Amino acid sequence: MSDCDARGERDPVEPPGLALRSIDHERRYVLGYPVHVAITVCADPPGAYLRRLPWPSWAGNAGAIGVRLVRSDTREAVVQTEPSPIVLPELGTPMFLLAPGACRRMLIDVSSYLPAGLDPGSYELAIVYDAPPDRVESAPVPVELAAPGPEEQRELQRLAPELARAGSWGRWTSLPPEDRTPAEVRVGPGDPLRFNRIVRHLIHGPDALCDIDPDVLDVLDGVYAPEAHGLRAELYAARGDAARFAEQAAIIRARYPGLAWWIERIEAGQSEYGFIGACRERRRGQ
């Protein structure tokens, strides 16, 4: 079933609302690093048109996300946060709309909701998405929160001053390095920062988008696999490789329709990555 398949009937007298169609996650996360999960929401009924929905993402959660975290063994509720979105685009709230038949996949980082000193172990995690007047909550999913290994701990210590200045992993990813040197990419399989490092490199790295090897995205497996196709589409579009861009677009539309909006933006010449890359090249040419 696709992530937009209907799940039951809605009372025809009720106004249209939201349905949460899926939650994707890793089975294991490293404490101190991002905790990325992806939720996909669709209109209910599918033919409805919904506007002014807050848009959480890896960069920030727009106040629209709540978290439930329970210890698997004791059933102790460790985290129970409530979302409080401000649905006002004039205040800079990122928003989107759902056209009839569409759905939206959103990759979000919930690491900021975890308390300091949280014990490693097995937990159940549920995500709440609030888009007034609608609110949906996922079923709990099992996750392991692991202590960082020696190398991971050293990297956390090295990045601690940068992270403190940025305030979150999302802002660390999107803001330029403090010393303004280009963000190099150093990433391997299983790196708990692999998504953030790659995106940071695309935004602030020394290479133009058209010069970045798409193979760098091969490490984006698991929960990041759909976004890896979107990023490949960005790189092929920057290269002017229409055939390979079309391949990635077809994969997304067939397998991950919740990211079809991304392809539509690239096709319309509204790619944020392309815009950032063009601005960076103009600055360098001045």
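This is a predicted model: local features need pLDDT of at least 70, side-chain atom pairs count only at pLDDT 80 or more; totals for chains, interfaces and linings use all residues.
1. The space within the largest pocket amounts to about 580 Å³.

2. Several secondary-structure elements contribute two or more residues each to the lining of the largest pocket: strand E8 (103-109), helix H3 (194-204), H4, H6 and helix H7 (272-285). By class, this lining comprises 15 nonpolar, 5 polar and 5 charged residues.

3. Helices H4 and H6, both contributors to that lining, also pair with each other. The axis of H4 (residues 225-239) comes within 10 Å of the axis of H6 (residues 260-267), and the crossing angle is roughly 10°. Angles under 35 degrees count as roughly parallel; H4 and H6 are therefore roughly parallel to each other.

4. On the H4 side, the contact is formed by Glu227, Gly230, Leu231, Ala233, Glu234 and Ala237, and on the H6 side by Trp262, Ile263 and Ile266. The residues of this contact comprise 6 nonpolar, 1 polar and 2 charged.

5. The second largest pocket has a volume of about 400 Å³. Its lining consists of 21 residues, with Tyr33, Asp109, Ser111, Ser112 and Trp169 closest to the centre. In the lining of the second largest pocket, 10 residues are nonpolar, 10 are polar and 1 is charged.

Methods
Residues are numbered from 1 along each chain as its sequence is written. Side-chain values use heavy atoms; hydrogens and water are left out. Axes are lines fitted to C-alpha atoms, for helices over the stretch in contact, and angles run from 0 to 180 degrees between N-to-C directions. Helices (H or I, at least four residues) and strands (E, at least two) are DSSP runs, numbered from the N terminus. Angles under 35 degrees count as roughly parallel, over 145 as roughly antiparallel, 65 to 115 as roughly perpendicular and the rest as oblique. Contact means heavy atoms within 4.5 Å. Ala, Val, Leu, Ile, Met, Phe, Trp, Tyr, Cys and Pro count as nonpolar, Asp, Glu, Lys and Arg as charged, and the others, Gly among them, as polar. On a 1 Å grid over the protein atoms alone, a cavity is a set of points where a 1.4 Å probe fits but cannot get out, and a pocket is an open set with protein on both sides within 12 Å along at least five of seven lines; lining residues have an atom within 4 Å of a point. Grid points are joined across faces, edges and corners, and a volume is the space filled by probe spheres set on the points.
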